[in-house]
Amino acid sequence: MGTARRAFGPVYWTITIALLATGLWMSAFYATTESTMGPIQKIFYFHLPVAINTFIACFVVFVASAGYMMQRTAMWDDLAEAAARVAVLLCSVVLLTGMIWGRNAWGHWWTWSPRLTFSLVLWLLYVVYLMVRPSIESSQRRALVSAVYGIVAFLDVPLVYLSVKLLPDIHPSSIRLAPPMQHTLIVWFVAITMLSAGLIVARFRLGRLTRAGARAGAQDAPAHPRLVPLGKHA
Amino acid sequence: MAADFATRLATAATAEAASPCARVRDLGKTIDDRAILTGVSFDLPRAAFLALLGENGAGKSTLLRVLATLTHPSSGRLELFGQPVRHDSARLRARIGMIGHQIMLYRDLSALENLELFGRLYSVPRARRRAQELLEFVGLADRGTDAVKHLSRGMAQRVAIARALMHSPDLLLADEPFTGLDAPSAARLELCLTELHARGATIILANHDIAQSLRLAQRAIVLRRGRVALDRAAGTLDARTVLDEAAGNGGELP
Amino acid sequence: MTALRQAAILVAKDLRIEARSRQTLGLVVVLGVLIVVVLALGLGPGPGAKGAAATAILWVAYLFGGVLVFEKTMAVERYDDALASLLLAPIDRGVIYLAKLVANLALMLALAIVVTPVGIVLFQFDLSAAPLGFVKVMALSIVGFAAVGTLFAAAVSSSRLQGGLLALLVFPLCLPLVLASTQMMIAMFSDTHPQTGGGLVILVAFDVIFLVASWLASELILEP
């Protein structure tokens with residue numbers, strides 16, 4: 001049992017890396033090169049799965065925040081923070097790949113296209129989450145404010161999405177995909193999802209360990225009261 | 001439906017009459033990973049006068065805030081007037097009065113306006129008259145229209161006492177209420193606490209003056225590092241014992 | 001009924017404190033006017049700024065002025081731990097939140113009444129095409145903004161309030177309001193874009209979602 005659990009991590013990461021490598025190979029040699037965009041279109045196999053996983057990470061933040069609101073245990077706060085970190089990382093990648101795409105498709109690094117704007121706002125929302133946390137001193141208060149923000153930010157996401165759609169659109173809304181392209185996309189999607197989940201879990205574990213260390217430190221010095229036998233005075 | 005409600009009301013009333021004013025069971029409060037209160041248990045009957053003693057940081061203020069429903073315990077159970085304390089405990093709060101560490105008043109409003117405001121929030125009948133009477137009682141009848149920020153600390157403390165008494169609470173929680181009071185005001189507050197107690201109110205007094213506390217209260221609980229170190233009738237205690245228990249090291253100068 | 005009465009008492013208390021101390025409103029109005037003037041000069045004086053620019057500039061003034069309002073009205077509760085006595089009273093936490101929101105909205109209204117005409121005059125912004133539409137869009141936006149702002153003012157101020165923290169929390173959340181209202185203004189005040197109801201739906205949805213969420217959360221976050 002113990003060995004099986006210890007072996008799980010390396011196996012998981014090996015599979016993830018193998019899938020990423022397969023995805024790379026498939027997008028290079030297996031998937032057909034798209035006619036209008038040329039080779040740069042291949043960034044799409046990476047871009048779309050990362051974008052979807054950004055939402056999943058944001059959703060994890062939301063769930064963990066709600067969990068904290070209900071149970072008030074530090075575990076939920078650690079999970080929310082881990083997911084927010086991964087969400088920001090993924091969203092940065094979405095922004096960068098989106099910009100590279102835009103540079104090649106429309107000749108500008110930045111256009112206020114609805115989806116680029118959406119990614120930018122999403123990125124800002126969760127960067128703020130991470131930036132505000134260290135400036136709140138009390139760990140309980142920090143967890144509470146973060147949880148409220150984690151919930152509110154997630155509720156905000158659909159509204160952001162609807163409001164950017166008011167902007168004039170040039171983003172490719174649907175691309176017809178040949179079967180090899182579909183296969184490549186699926187491999188990428190699985191690989192990126194495993195990568196994101198693995199990162200969240202790793203970061204979550206690190207957070208748990210840090211907190212356990214801090215707690216041991218805080219309790220060490222004076223807070224260990226000797227037990228007083230109450231009967232003594234009765 | 002109505003009958004059901006009536007029975008529930010009746011059961012509630014009997015539960016209320018039989019139950020102690022406060023029932024505290026294995027109460028714990030952790031703030032930022034620090035255990036402030038651990039395993040605190042006691043029953044407080046109606047019309048009791050309890051002194052809460054202990055060194056700085058022993059958890060007296062936190063215990064009072066938990067009892068006042070201002071903050072929720074991390075573990076354990078708390079019942080007030082036979083009712084478990086939950087998030088929506090507005091009805092319970094109506095019967096609790098608190099004199100806090102800080103004066104808990106709006107500094108830009110006058111003493112009278114503050115009292116009247118809280119009187120109206122507690123639905124006290126003829127709030128303004130009661131406010132004036134209480135101001136007279138704490139000896140500030142002529143300063144009622146002054147903004148609280150223009151009062152001295154001691155005067156503001158007296159207004160805070162009046163605020164806590166506006167709604168004639170059944171349970172009065174007093175956290176160092178003698179802070180900043182001059183001798184006459186302190187004497188008046190002592191009289192006031194005794195009088196309230198005589199009228200049937202339950203009082204919990206956190207105080208650093210041990211002799212005064214033991215004189216006023218019937219019972220004393222000594223907290224040490226968040227735990228109950230001693231729980232006895234006040235008459236059987238002297239200051240020395242309390243000091244020893246509060247410090248836990250015999251109180252000897254090293 | 002009692003909840004409404006209690007809310008009215010609390011709103012009256014906040015407005016009375018504001019009337020007494022005159023700390024917030026003057027400050028906020030001057031700040032708002034200052035922002036509009038600075039941006040007007042920065043963008044280059046003269047006509048040309050159409051609906052979008054004027055709306056955006058008004059938004060900047062509302063956002064910064066609003067955050068200051070929320071911080072100030074919550075600071076009133078922080079002095080001497082006055083909030084503790086409010087939380088001790090037999091009032092629902094949601095009522096405390098709603099009362100604070102209404103007080104904030106009253107101050108925001110005062111801010112808007114002064115700053116909006118200044119912006120309109122300085123930018124020679126012609127409202128005549130849809131004056132009621134303008135008021136409707138701005139009012140809906142400010143309600144949503146104040147709902148979020150009041151919530152986080154209450155949440156943040158329990159920890160010691162650091163300058164800028166509230167703005168950091170509230171601004172990104174309010175971007176849908178800014179986007180939707182700006183786009184609606186463009187649609188209303190220029191002929192090239194067709195008017196759509198989509199923006200209005202977003203504003204109303206924002207208000208409803210965050211009013212309800214804040215009201216629910218207030219029970220958990222209001223602590224002395």
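Which residue stands opposite B:R224 in strand 10 of chain B? That residue is B:R227, and the pair makes a handy way into the sheet of chain B. The model is a predicted one, with local features needing pLDDT of at least 70 and side-chain atom pairs counting only at pLDDT 80 or more, while totals for chains, interfaces and linings use all residues. Residues are numbered from 1 along each chain as its sequence is written, and chains are lettered from A and ligands numbered from 1 in the order in which they are written.

Six strands of chain B make up an open sheet, ordered 6-7-8-3-9-10, with mixed pairing. Strands here are DSSP runs of E with at least two residues, helices are runs of H or I with at least four, and both are numbered from the N terminus; two strands pair if DSSP finds at least two bridges between them. At the edges sit strand 6 (96–99) and strand 10 (227–233), each pairing on one side only. Strand 6 runs parallel to strand 7 (residues 171–175) of chain B, joined by four bridges, and B:M98 has B:L173 as its bridge partner.

Helix 2 (residues 60–67) of chain B packs on this sheet, touching strands 3, 7, 8 and 9, and its direction makes about 150 degrees with that of strand 8. Helix 9 (residues 239–247) of chain B also packs on the sheet, touching strands 3, 9 and 10, at about 30 degrees to strand 9. Contact means C-beta atoms, placed from the backbone, within 7 Å; angles run from 0 to 180 degrees between N-to-C directions, with axes fitted to C-alpha atoms, for helices over the stretch in contact.

Strand 9 of chain B is well wrapped up: six of its six residues are buried, that is, 20 or more other C-beta atoms lie within 10 Å of their own, against 12 or fewer for exposed and in between for partly exposed, with C-beta atoms placed from the backbone. B:R219, B:I221 and B:L223 cover one side, and B:A220, B:V222 and B:R224 the other. In a regular strand, side chains alternate between the two faces of the sheet. Five bridges join strand 9 to strand 3 of chain B in parallel, with B:L50 partnered by B:R219. Six bridges join strand 9 to strand 10 of chain B, this time antiparallel. These two strands form a hairpin with two residues between them, where B:R225 in the turn has a positive phi of about 45 degrees.

Conventions:
Contact = placed C-beta atoms within 7 Å.
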